[in-house]
Structure formats: C-alpha cells, structure tokens
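The following note sets out my reading of this model, point by point. Please keep the coordinates open alongside while going through it.

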Amino acid sequence: MEQAWLIPVFGFGAFAFLALFRKYLPGQGKHLSVLAIIAAFVAVWPVLFDMLDKGVGEHHFPRDWFSAGPLEVGWGIIVDPLTIVMLALITFVSVIVQVYSLGYMRHGNADDPRVGWYFAVHSLFSASMLMLVLADNLLLLYVAWELVGLCSYLLIGFWFERRSAAEAAKKAFVTTRIGDVGLLIGVVLLIVEFGTVDVIEIMNSLGDPGVNQAVVTASAFLVFFGAMGKSAQFPLHVWLPDAMEGPTPVSALIHAATMVTAGVFLVARLFPLFDAVESAQLAIAAIGIVTALMGAAMALVMTDLKRILAYSTMSHLGFMMLALGAGGYTAAIFHLLMHGVAKAMLFLSAGSIMHAAHDETDIRKMGGLRKRMPVTSAAFTVGALALAGIPPLNAFWSKDEILLAVAGGLNPVFVVLFLVAIVLSALYMGRAVLVVFFGKLKPENDGVHESPRIMAWPLALLAVLAVVTGFIALPIGYEGIGTFLVAPGDKPHAFEVVPVWLVASVVLALGGLALAYALYGDEDTSRVDALRERFARAHDVVANRFYMDHAYQWTIDRVVLRVSAFLALFDRKVVNDVGVNGPGLSAVEAGRRLRYHVTGLFADYGLGIVVGVAILGALLWIRSVTG
Amino acid sequence: MSFAERHILEWLIYLPMLTAVVLVALPAAWRLAARWVGVGSGALLMIGSAWVFIAFDYSAGADTFQMIKVYTWLESVGIDFRLGVDGIAAPMVLLTGIVALTGSVIAANVDRDAKNYYILLFVLIAGVYGTFVSIDLFFFFFFYELAIVPMFLLIAVWGSSSTFADFARTKEYGALKLVLMIVAASVLVWIGIIAIYVWVDIGTFDILRLRDAVQDGGLSSGAQKTLFPLVMVGFGLLAGLWPFHTWSPDGHVAAPTSVSMLHAGVLMKLGAFGIIRVGMTLLPEGMEAWALVLFILGTVNVVYGAVSAMAQTDLKYVVGYSSVSHMGYVIMGIATLNSIGLTGATLQMFSHGIMTALFFAVVGAIYERAHTRDTLILNGLASKMGWTTAFFVIAGLTSLGLPGLSGFIAEVLVFIGAFHEQPILGALGILGAALTAVYILRLVARVFFGQRDPQWDDLPDLTPREIAAAGALVVPLVLVGIWPAPFLDVIRHGVDALPGVDALVGGLL
Amino acid sequence: MTLLHFQLLSAAIFCIGLYGVLARRSAVLVLMSIELMLNAVNLQLVAFGAFSGFGTSTGQVIAVFVITIAAAEVGLALAIVMRLFRSRGGVNMDEIDVMRG
Amino acid sequence: MGLVLFYAAATLTLFASFGVVATRNIVHAALFLLAALAGVAGLFVLLYAEFLALVQLLIYGGAIIIVILFALMLTRSGEYEGETETRRRPFAAVAAALLFGLMTAVFVADAEQFNTNTRQAVPFRTLAEDLFAAWAVPFEIASLVLLVALIGAVVIGRAGREEDETLPEDDEPDDAQEPVRRGSRRRAERRRRGV
C-alpha cells in the first residue's frame with residue numbers, strides 16, 4: 001500500500017529520461033515509455049490485493065512538500081476503492097494505447113520524426129493522471145490537474161505545423177484553464193476556510209459548527225466549474241470536438257478514457273462536499289443531462305467519425321455527471337469504467353480505419369469496410385452496441401445502474417430526459433456502425449487493408465473486455481459493485497434489479513437501433529434527406545454546434561480583444577502621454593511663454609523694482625504696526 | 001562568524017566594482033578579453049550569492065540579520081556602511097547572482113564597444129547588490145540610486161527603437177522616461193528617509209535600531225501614516241505600481257537584451273523590496289493604514305497588465321506588460337500583511353525575476369536574428385528554432401502559473417494569503433492568472449506554432465552559449481516548482497521577523 | 001518748522017526724480033533725474049541729523065560721501081553715454097535692449 | 001520767519017524738479033536741475049549745515065551740471081526734438097505716485113515719534129573732527145572711488161575714438177512664433193537714418 005506512490009514515478013522517470021536523451025536512444029526511446037507504463041500497470045495489482053484485505057488507507061510522507069506560515073503542506077497518497085478502480089483503468093488503457101501507438105505512429109515503415117517526444121508526453125500524461133488519482137491533498141491534486149491539462153495541450157498540438165492543430169491546442173488549454181480558475185478559487189477557499197490542504201480532513205470536517213456554510217456552497221459550485229472545464233460539460237465543452245486534431249491514440253487515451261473523466265473523478269473524490277450542498281447536486285444533474293442531450297444530438301448530425309465519437313464521449317460524461325448529481329456515486333464511477341474501455345476501443349478502431357484509409361475520417365466516404373477490415377469492424381460494432389446499452393455488454397449494466405440512481409434521486413423530469421438520451425445514443429451509435437461498415441464497398445476504398453497486428457491485437461483485447469467487464473456488477477463472489485465502490489459516508493447497497501427499468505432501457509435501446517437501421521440501413525438516403533428537409537432549421541442549429549463556437553469566438557473578438565485594445569490605447573494615451581509626459585511638456589511650454597516679458601529695457605526693470613519696493617515697504621510697515 | 005561569512009557581503013559589492021575598474025583598464029580592442037572578464041566575474045558573483053543563500057541559517061533561533069559587517073563611515077551623523085542579509089534579502093541576492101551570470105553571458109553578443117557595455121552593466125549589478133544587502137538606510141538609498149544611473153546610458157546607447165503604426169518609441173525617449181520617473185520617485189523616498197531619520201531622532205540610519213525605536217513608539221502613528229504614501233509611491237513606481245507603470249514597458253522595449261533582463265529581473269524587485277525594507281519595517285502602522293489601497297492597486301496591476309498585454313503586437317511589449325501584471329501579484333502579496341501572503345510575494349519576486357530574464361533572453365535572441373519583434377509577421381518559428389520555442393514555452397508556462405514550475409507555488413501562496421484578507425480581490429487576482437494564460441498561449445500559437453512564414457526559413461537556433469544561459473535559468477524555475485521547501489523556509493525566517501505581520505499563529509482562520 | 005516738512009519735501013523730490021528716471025527717453029535726462037533722487041536723500045539725511053537731538057554730525061558726513069559718489073557716478077555714466085551715442089547714433093533708452101531675453 | 005524761508009526754498013526746489021522732469025528741451029532741463037540743487041543748498045543752510053550747502057553748490061552746481069552740459073553738447077541730443085517720454089509714462093507716474101503716497105503715509109503716521117525737538121546746529125569743529133577722525137577710513141575709500149571712476153571714464157571715453165565698432169546687432173529672433181516686438185518699428189526708423 002505504502003509503495004503505491006511508485007506507480008506515477010515510473011511515468012515521470014520515463015518522461016524525464018526521454019525528454020532529455022530521446023535523440024540518443026534507439027527508436028527515440030519509445031519502447032522505454034511502453035515498458036514504464038507496463039510496469040505501472042503491473043504495480044497496480046499488488047496494491048489492489050493489499051487494499052482488499054487491509055482496507056482503505058491513507059499514507060503521509062514524513063517530509064513536508066513545503067510550509068509557508070502556519071500552512072503545512074505535506075503530501076501523501078490515498079488508496080481507496082475509487083483510487084484503485086481509476087488506477088486500473090488508467091494504467092490498462094494507457095498500456096493498450098501506447099502499444100497501439102507503436103504501430104499508429106509508423107507511417108509506412110518510418111516513425112514520425114518526433115515520436116520520442118510523443119511517447120515522452122504520453123508517459124508524462126499517464127504519470128500525472130495517476131498522481132491526480134492518488135493525491136491526498138488539494139494542492140497536489142491541483143498540480144496534477146494542471147499537468148494533465150498541459151499534456152493534453154502538448155499532445156493535441158503534436159503536429160504543430162498544422163495551424164488548426166495549434167489553434168485547437170490553444171483553445172483546449174485556454175478553455176480548461178478558465179475552468180481551472182474556478183477550481184483554484186474553490187480550492188483556495190477550502191484551504192483558507194479549513195486551514196489545511198488534506199482532502200480527507202476537509203471532507204470529514206465539512207459539518208463542523210464553526211464552518212461558514214456560504215464558503216462551502218461557493219467552493220462546491222466553483223470546484224464543479226473546474227470539473228466542467230476538464231470534462232467538457234455544457235458551457236465549456238467547445239474544446240473537445242476540436243481536440244480531435246491530435247493523433248487518434250491521443251484521443252483514445254485522453255479524450256475518451258482518462259483526462260475527460262478527471263472532472264467526474266474530482267466530483268467523486270470531493271463527493272461529501274457536493275453531498276452537503278443540495279443546490280450544487282441539482283446543478284450537476286441539470287448540467288449533466290443538458291450536456292448528454294446536446295452531445296447526442298450533435299453526434300447524430302456530424303459526418304466526421306472522430307467528431308461523432310467525441311460528442312458521444314461528451315454525452316456519456318453528461319450521464320456520469322447526472323448520476324453524481326442524483327447521488328449515484330457507484331453508478332457514475334461504474335459507468336466511467338465501462339465507458340472508458342468501450343470508447344477507447346472505438347477511438348482505436350477509428351484510428352485503424354484512418355491509418356488504413358489515408359487519414360480519411362468522413363463517414364460518407366466510407367462504407368462496407370467490414371469486408372476489408374473484419375477485426376476493426378467487429379471491435380467497433382461491439383463497442384458501439386455496448387455504449388448503446390445492449391445487454392449483456394458492459395455499458396448496459398452501468399446505464400441501468402444510472403437509471404436506478406436517477407429514478408431514486410431526482411424528480412421524474414430527469415428520468416424522462418435520460419430515457420430520451422438512451423434512445424438518441426442508440427440511434428447515433430447505430431448510424432455510425434451502419435454507415436461506416438455496412439452497405440456497398442466504395443471503389444476508392446478498395447485498397448483498404450486490415451491494420452498491422454500490433455494495432456489489431458489491442459482492438460481485439462478491448463473488444464473482449466467490452467463484453468466481459470459488465471459482469472463485475474453482478475453479485476458473483478461478492479454482493480455486487482455497490483458494496484465495493486461506496487461513497488465515503490454512504491452505506492453499501494447490494495446489487496438489485498428493478499425489472500421495470502431494466503426492461504424499459506433494453507426496449508428503448510433496441511428501438512433506437514431499429515430506428516437507425518430503418519434510416520441508414522440500406523444505401524438510399526432518401527428518407528434521411530426527407531427528414532433533414534423537414535427539420536432543416538433544427539438540423540442547421542445542431543450542425544453548427546448550437547452556434548456555441550461562434551458565440552465564444554464573437555465574444556473573444558468583440559469583447560476581450562476590443563477591451564484590451566482600448567485599455568492598451570488608454571494606457572498609452574492617458575496614463576502615459578498625459579500622466580507622464582504632461583508635466584514634462586507643460587514645464588517646457590511655461591518656460592517658453594515666460595521668456596517674452598524679459599524686454600531688456602531699463603525702464604521696465606526700473607518699474608519692476610519700484611513696484612516691488614513699494615509692496616515690500618507696505619508689508620513691512622503693516623507688520624511693524626500690527627506686529 | 002567564520003571569515004567568509006564576515007566578508008562575503010562586502011565582496012559582493014566590491015567584485016562588480018572591481019570588474020568595472022579592470023575593464024576600464026583593458027584596451028578597447030580586446031573585446032574577447034572584456035567578455036571573458038565579464039562572464040568570469042558573473043560566475044564568481046553567482047557562486048558568492050549561492051553561498052550566501054546556502055549559508056543562511058534559517059533555524060528558529062538564528063537572529064534575523066546575519067553576516068553583519070559594519071564600517072563606521074560618518075560618526076557625527078550616524079551613517080555607517082552596515083551590511084547584513086535576512087530571510088527576504090537572501091533569495092534576492094541569489095536571484096541577482098543568477099541573473100547577473102546569465103545576463104553577462106547573453107551580453108557577450110553585444111558587439112558595439114562591448115567594454116563600456118560591461119562596465120556599465122557591472123556598475124548596475126554592484127548597485128543592485130548594494131541595495132539588497134545594506135541595512136543602513138543611507139547606503140540603501142545610495143546604492144538604489146547607483147543602480148539607476150547606468151540604466152540611462154545602457155538604454156540610450158545600446159537600446160533599440162521601435163516604430164508602430166501610430167506612435168514611435170525611440171530608445172532615447174524610453175531611456176529618458178525610465179530614468180527620470182525613477183529618479184523622481186526616489187526623491188519621494190529620500191524625503192521619507194530623511195523624515196524618518198529626523199523624527200525618530202536617535203541619530204542613526206541603522207535600520208535595526210530605527211525599527212526597534214519605532215517599535216516602542218519612536219514615531220507617532222500619524223507621522224507613519226503620512227510618510228507611508230511617500231514610500232509607497234516612491235518604491236511602488238519602480239515596482240510597476242499601476243498608475244506609475246508606464247515607464248516599464250517603454251523602458252524594457254528600448255533596452256538591449258541583457259539590460260532588460262537585469263532590469264525587469266532584478267531592478268523591479270528593488271521597488272517591492274524597498275516597500276518591505278522601509279515601508280513595513282519602519283512604518284508598520286502606516287503600512288496597515290494603507291494596506292487596502294496597496295491591495296487594490298496590486299489587483300489592478302494584475303488584471304490591467306494582463307489585459308493590455310493581450311493587445312500588444314510587439315513581443316517585448318507583451319513581456320513588459322506581463323512583468324507589470326506579475327509585479328501586481330508581489331504587491332498584492334505584500335498588502336495582505338500575513339505571513340503566507342508575504343512569503344508568496346517574496347517567492348514571486350524570485351520566480352518572476354528568473355522567468356522574465358528567460359523571457360527577455362529568448363525575445364532578445366529572436367530580435368537579433370529576425371530584427372523584428374512584431375508578432376503579426378513572426379510566425380511558425382518552432383520548426384526552425386526548436387530550443388528557442390522550448391525556452392519560451394517554459395517561461396510562458398511559469399508565467400501562467402503551471403504547477404511544477406515556480407510560478408504556481410508563489411501565486412498559490414499569494415492567493416491563499418489574499419483570500420484570508422480580501423476574498424473578492426483575491427478572486428480577481430486568480431482571474432488575472434487566467435487572462436495571462438490567454439495572452440501567453442495566443443502568442444505561442446501565433447509566433448511559434450502554425451505554418452512557418454517563408455521569410456523565416458533561415459533563422460538559426462540558439463547558440464550553445466545562449467542555450468547554456470537559458471538552461472541555467474530554467475533549472476531554478478523547475479527546482480523551486482518541485483521542491484520549494486528550502487526557499488520557503490529561508491523566506492519564512494525573514495517574514496516572521498517583520499513587524500506588523502500577523503503570523504496567523506492560530507491557523508488560517 | 002518740524003522734521004515732517006523736510007521728510008515730505010524730500011519724498012516729493014525723490015518721487016519726481018523717480019518718475020523722471022522711468023519716463024524719460026534720453027539717457028542724459030535719466031542721469032539728471034538720478035541726481036535729483038540723490039539730492040532728496042541728502043536732504044533727508046541732513047534733516048534727520050539736525051532734528052535728531054543728538055547733535056552728531058553723522059548725517060552731514062554721509063551726505064558728503066553721497067555727493068562724492070554722485071560725482072564719480074555722473075562722470076562714469078556720461079562716458080558710457082558717449083560710447084552709446086557713438087555706436088548707436090542715439091541715446092534713446094528704448095533702443096538699448098541688447099539684453100532682451 | 002524760518003517757516004517762510006523754508007516754504008520759499010521748498011517751492012523753488014519742487015518747481016525746478018518738475019522742470020527737470022517735464023521740459024521738452026533738454027538744456028532747459030539741465031538748468032532746472034541747477035535751480036533745484038540751489039534750492040536744496042538753501043534748505044541745508046536752514047538746517048544749519050552751511051558747509052554742506054557750500055559743498056553742494058560748488059560740486060553739484062559747479063562740476064556735475066557742467067559735465068552734463070558737455071555731454072548734452074557732445075551727443076547733439078539737443079536738437080533731438082522727438083518725443084521725449086517713453087510709451088510707458090502713465091505706468092511710471094502711477095508708480096511714483098504710489099511710492100509717494102506710501103512714504104507720506106509712513107512719515108505722517110510716525111510723525112509724533114520724531115518731532116520731539118527742534119533743529120540743532122552742529123558746530124563746524126565737531127563736523128571737521130568727525131570727518132577726519134571717526135570717518136577717516138571711509139573718507140580715504142571715497143577718494144579711491146573717485147580716482148577709479150575717473151580713470152574708468154577716461155578709458156571708456158578714449159577707446160571710443162579710434163574705430164567706430166558697433167555693438168553686436170541682435171540677430172533675427174529664432175522662433176518665428178515670437179509676437180512682433182515693440183522695437184521693430186524703431187529699427188526701421190533707425191535704418192532710415194542710415195546708421
């Protein structure tokens with residue numbers, strides 16, 4: 001247990017080593033990074049077993065990180081079910097993705113010129129994600145949180161020659177940074193209020209009498225604002241679709257399984273904080289469902305395969321936030337795991353399609369690929385069905401858990417909206433599968449061939465897992481996931497099936513798929529076009545991402561740049577020219593003006609003297625009289 | 001006190017002066033020799049400063065001012081050449097050492113009569129060292145002035161003018177404005193010092209005895225409250241306080257690379273250091289009365305600097321305004337009057353000093369190669385200038401407070417301290433950090449990433465010498481970022497000894 | 001006859017002389033006015049000497065010195081006026097403004 | 001009896017002073033000055049300062065007026081009919097009146113302090129003794145002053161004869177915005193006279 005802190009160290013070590021010496025290593029040291037992540041993965045299991053029998057533990061290091069004034073900032077790790085589950089997910093997906101990238105990064109038979117840097121940042125990312133999960137104090141958590149943001153910036157902008165990649169990277173970092181401002185304010189408020197940075201201590205002393213509840217509420221909302229930034233929730237989601245500019249394995253790792261879930265993890269880690277504040281929970285649920293619906297709608301309309309998957313991630317993140325809002329801690333984390341595995345696999349298969357079809361992502365140009373790429377299409381279909389919520393695949397169980405939690409926790413409106421979302425997600429998943437893999441093989445895709453084994457095997461492994469992992473929810477060997485993944489302070493609840501919701505979700509999912517088949521089953525798109533005309537305006541709104549991007553761009557151009565231009569002008573003109581040069585110039589001007597009265601004529605001076613004498617005399621005399 | 005401890009501080013002042021004298025003796029033609037002498041003494045200074053920092057005993061018992069060295073200079077008036085260093089001055093001495101070394105290395109590529117350049121540079125360095133280590137008000141002010149005088153010549157002769165669409169900033173204008181405004185401000189400070197000397201009336205300029213005298217009522221609170229604005233504005237101007245900051249962007253832009261490194265890196269810290277050394281130590285009640293005003297101005301500095309940096313098109317102007325913004329954090333930290341805020345402020349002074357030096361080094365290198373700093377035409381440099389991009393990005397990330405680099409630790413401490421006093425202003429400060437991220441990343445995306453403009457195809461990357469200098473600057477940034485404990489303990493030792501600082505003994509509440 | 005008479009008289013003469021100095025254009029006339037002012041001062045001195053009641057001669061001695069100085073001054077001034085006249089062709093006070101700012 | 005004499009001498013002096021200041025013809029002004037000096041000498045006699053009256057008449061009347069007349073003759077300003085007063089006459093008058101008013105106010109206000117006693121003669125012997133005993137040093141210095149002044153006068157006067165060097169013409173005003181100076185009309189006039 002105490003050695004758990006070793007897990008992130010492998011990654012940091014690999015990063016440091018690669019960053020400095022990658023030019024002198026064979027293959028730019030990419031194998032080293034893969035080895036490091038495998039080591040980390042291996043290290044997770046002993047910690048898991050250790051925790052199972054010894055129970056939850058928190059371990060502090062003797063040396064403080066730093067201390068300023070009365071604030072003692074130590075550092076240490078927390079090992080509890082949430083951490084273990086996340087550790088497993090992150091290390092597992094990272095291993096799969098890094099192995100997959102070995103193949104992906106080889107265009108033809110030569111590596112990408114900067115593959116060393118790619119793997120270096122990859123290991124830095126997984127290391128900081130692991131640190132985030134393990135961190136026991138708010139500052140360490142915030143440090144990891146920012147490092148994760150940095151890595152996503154570096155990886156999205158990996159091919160920085162491309163203007164769009166550079167812009168997307170900047171957009172991602174700035175948007176998440178805005179979210180981080182909220183998080184930082186929330187964290188600082190908590191630290192100032194509770195006088196300590198230790199998460200466990202703060203969570204336990206939330207209810208203490210002396211605590212000012214206004215601060216707790218404010219920090220709850222602010223921390224959630226930070227989570228929204230990172231997990232691409234409704235107002236701050238604009239960066240996720242553009243993040244697809246980065247290499248596909250990056251999307252698979254970061255924008256599907258790990259980074260985006262950091263927001264959900266944060267809310268889970270500080271769950272008692274949100275539990276204490278009713279209004280915050282409602283807000284989370286509301287934002288969650290809105291994001292879910294928006295994501296699903298946009299995914300339905302997009303033509304770029306990776307964008308569809310990105311919106312589907314956004315939608316599923318919405319589901320997780322909804323579950324957390326409803327108090328369904330177990331359901332949210334369980335869905336996080338299931339979604340992580342399935343979505344990673346979807347992205348990787350998308351990657352292998354792109355790899356095979358010269359980086360083509362437009363689904364309209366694809367069709368009938370299943371003949372050429374059996375493994376990829378099989379994996380993709382399994383993943384899609386899983387996320388659509390088809391039993392016995394993994395995401396079905398977690399969606400069902402969420403349904404139970406929402407039904408229990410929130411008012412009926414959320415339940416109805418959630419059911420609609422289920423149908424929509426089934427619909428767009430079905431559309432994606434049908435359009436890409438079924439139908440006639442287009443002539444230009446003839447040359448398409450299955451990806452090399454190093455990419456195909458990870459896909460197959462993930463596909464199998466997508467099927468198997470669902471069963472950990474069932475009460476085999478222990479009373480179900482509910483007993484393992486429990487919110488601090490909550491009572492474990494065993495697995496129970498509520499038939500009515502179970503049947504409802506299955507029926508809706510199948511209905512969604514049927515609808516998809518009806519619309520996109522065969523080649524002719526007449527029905528789809530007819531639909532599109534009827535709801536033309538609605539279609540445009542959704543296609544343009546609800547004009548969110550334009551709105552943000554407009555505010556930035558009009559408001560922010562305009563204000564800063566005005567301020568710079570104000571600074572130069574008013575503060576500088578008037579404030580500083582003003583006195584200088586006016587002194588010179590006064591000098592010049594005074595010059596004229598010096599006429600050089602004796603008489604004028606005489607007059608001056610006389611008047612002076614007269615005045616002085618009068619003054620002296622008055623003083624002597626009154627004095 | 002060992003032999004070294006007794007003499008190190010005075011040698012930190014004599015060495016640069018000595019170098020200047022030696023350089024004067026060198027014939028002008030020997031440019032290479034001048035460079036070696038410069039870099040050599042830079043290295044010696046660095047070693048000396050590092051030694052001062054390491055030898056500083058920050059254990060609880062140790063007295064506030066250490067390595068004290070006294071020469072009685074003017075008995076009748078009570079002025080003596082008294083040197084000493086406390087918890088706040090030690091990191092500043094280290095900062096000066098680092099920036100002096102890297103500055104002199106970067107200064108090597110000044111070709112136009114490098115000898116005089118080095119002479120003036122080292123007079124500047126001597127002045128800065130003198131101010132940080134002298135604990136006698138008179139000599140504090142003496143070196144404070146000494147540090148400013150060479151600035152004028154350095155900028156006016158070796159500087160660079162920049163013309164924009166609707167206004168031009170010649171280097172003479174920049175130099176003149178910079179020096180005139182600072183000298184004007186130092187007049188205010190001088191009035192304050194003389195007033196303190198006269199009103200406390202114990203016939204000495206020694207800060208320690210003055211502080212003790214003020215502690216037991218030597219100076220009426222009314223007097224302190226009237227004197228403090230003088231000191232606040234006087235030193236604040238050099239620290240880039242909001243209404244008086246306009247000299248800083250113009251001055252930096254006009255200055256040659258190593259001068260702006262030294263200036264933004266170290267000289268601006270003199271201002272903040274002055275507020276602590278004179279303002280807080282000798283006028284505690286004045287500080288308390290004016291703390292809120294300083295706090296508000298500091299926050300304005302942060303947001304105002306960040307927003308106006310966003311609109312700048314000249315690379316150096318962006319860095320200039322970002323210095324104004326970051327000095328805002330320092331001022332906010334000082335104004336919080338609690339030990340966390342002050343520790344954060346001092347660390348921010350240290351970290352910002354190094355970060356700005358790195359920024360200016362990189363920007364200077366780009367200017368020397370591309371002969372323009374206009375961000376509208378410079379783009380896509382990353383592919384050709386790998387190292388430059390890396391260093392700029394590292395400096396940028398420190399400035400936006402990325403954890404793992406020193407900027408974050410300093411800013412978090414300032415925010416925690418600030419939230420303890422004024423939560424709303426603290427939140428505004430954090431908003432400033434977000435704005436910093438916006439303009440830094442916009443700059444990086446436009447100038448370094450993206451498609452390279454064909455005209456920049458032949459831009460050579462940094463020379464090994466410049467890489468070494470920039471690397472030497474990155475090391476402390478990362479070190480403080482990852483393991484700030486040694487720095488913070490030293491600073492805390494100094495901060496707790498300041499009068500009028502509420503040490504939040506009863507925890508943060 | 002009291003001291004006041006003499007005081008008022010010398011004040012009058014002094015002011016007339018003053019007016020002459022300020023208003024006259026020709027340098028020589030200005031010189032004459034200055035002589036007038038000096039005489040007014042002498043008168044005042046002697047008057048005070050007489051009415052002071054101490055019987056001392058200080059007033060008169062100073063008057064004598066004033067006269068000698070006046071004599072020296074006239075000599076010198078007229079020499080300057082001569083030079084002025086030769087170089088500028090006129091001694092009109094308004095033209096002599098070489099010292100103009 | 002004394003009062004009548006006083007008023008006579010006073011009116012003479014005042015009238016003569018006005019004459020000096022007011023006449024258009026310069027030679028008349030010199031004569032008026034002579035009359036004024038005589039008036040003052042008379043007043044000295046009234047104050048029992050006979051020696052001084054004599055000195056006044058001799059030196060002032062004799063030497064200074066004569067020298068002034070010579071100057072007038074040499075500078076040929078005699079036939080200079082132009083307007084003798086400067087444009088600023090009113091200001092001068094006001095200033096002089098102002099000063100006069102002030103003086104009279106002061107003298108009248110302090111009158112009772114000084115008018116305690118009457119005139120006293122100073123015996124000639126004491127005057128002579130003071131002059132050559134107590135005031136010996138200033139006396140010598142006064143003679144030195146006279147000497148220096150005369151030498152100066154000679155040097156300035158003589159140097160003028162060899163060459164007719166002119167004073168440096170003041171150059172054209174450098175900055176154009178300077179308002180038109182009063183003198184430009186006069187310079188044109190002088191240029192007309194061909195100097």
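1. In chain D, which has 195 residues, 22% are buried, a residue being buried if 20 or more other C-beta atoms lie within 10 Å of its own, exposed if 12 or fewer, and partly exposed in between, with C-beta atoms placed from the backbone. This is a predicted model, in which local features need pLDDT of at least 70 and side-chain atom pairs count only at pLDDT 80 or more, whereas totals for chains, interfaces and linings use all residues. Residues are numbered from 1 along each chain as its sequence is written, and chains are lettered from A and ligands numbered from 1 in the order in which they are written.

2. Chain D has 8 helices and 0 strands, where helices (H or I, at least four residues) and strands (E, at least two) are DSSP runs numbered from the N terminus. Of the contacts in chain D between residues at least 6 apart in sequence, 49% join residues at least 24 apart; two residues are in contact if their C-beta atoms, placed from the backbone, lie within 7 Å.

3. Confidence in chain D deserves attention: its mean pLDDT is 76, and 72% of its residues reach 70 or more, pLDDT being the predictor's confidence in each residue, from 0 to 100. Over residues 169-184 of chain D the pLDDT is below 50, and this stretch has 5 contacts in the model beyond near neighbours in sequence. Where pLDDT is low, the predicted coordinates should not be read in detail. For the complex, the predictor gives an ipTM of 0.67 and a pTM of 0.76.

4. Chain C has 3 helices and 0 strands, and 62% of its 101 residues count as buried. Among its contacts between residues at least 6 apart in sequence, 51% join residues at least 24 apart.

5. Chain B makes no contact with chain C, their closest C-alpha atoms lying 28 Å apart, and no contact joins chain B and chain D, for which the corresponding separation is 24 Å.

6. The largest nonpolar core has 435 residues, and those with the most contacts inside it are A:Leu322 and A:Ala344; such a core is a set of buried Ala, Val, Leu, Ile, Met, Phe, Trp, Tyr and Cys residues joined through C-beta atoms within 7 Å. Its largest share, 19 residues, comes from helix α6 (residues 163-194) of chain A. Apart from it lies another core, of 79 residues, among them A:Val610, D:Phe32, D:Leu47 and D:Leu52.

7. Helix α21 (residues 499-520) of chain A has 22 residues and reaches 31 Å from its first C-alpha to its last, close to the 32 Å expected at 1.5 Å a residue, the expected span being 1.5 Å times one less than the number of residues. Its buried residues, including A:Ser505, A:Leu508, A:Gly512 and A:Tyr520, cover an arc of only 130° around the axis and therefore lie on the same side of α21(A), the arc being that of the directions from the helix axis to the C-beta atoms. They pack against α16 (374-388), α17 (394-409), α18 (412-437) and α22 (526-534) of chain A, while A:Pro499, A:Val500, A:Val503 and A:Ala518 are exposed on the other side.

8. B:Asp201 has a positive phi near 55° and lies in the loop between α6 (171-200) and α7 (207-215) of chain B, where it is exposed, with 11 other C-beta atoms within 10 Å. D:Tyr48, with a positive phi of about 60°, is in the loop between α2 (26-46) and α3 (50-74) of chain D, and counts as partly exposed because it has 19 C-beta neighbours inside 10 Å.
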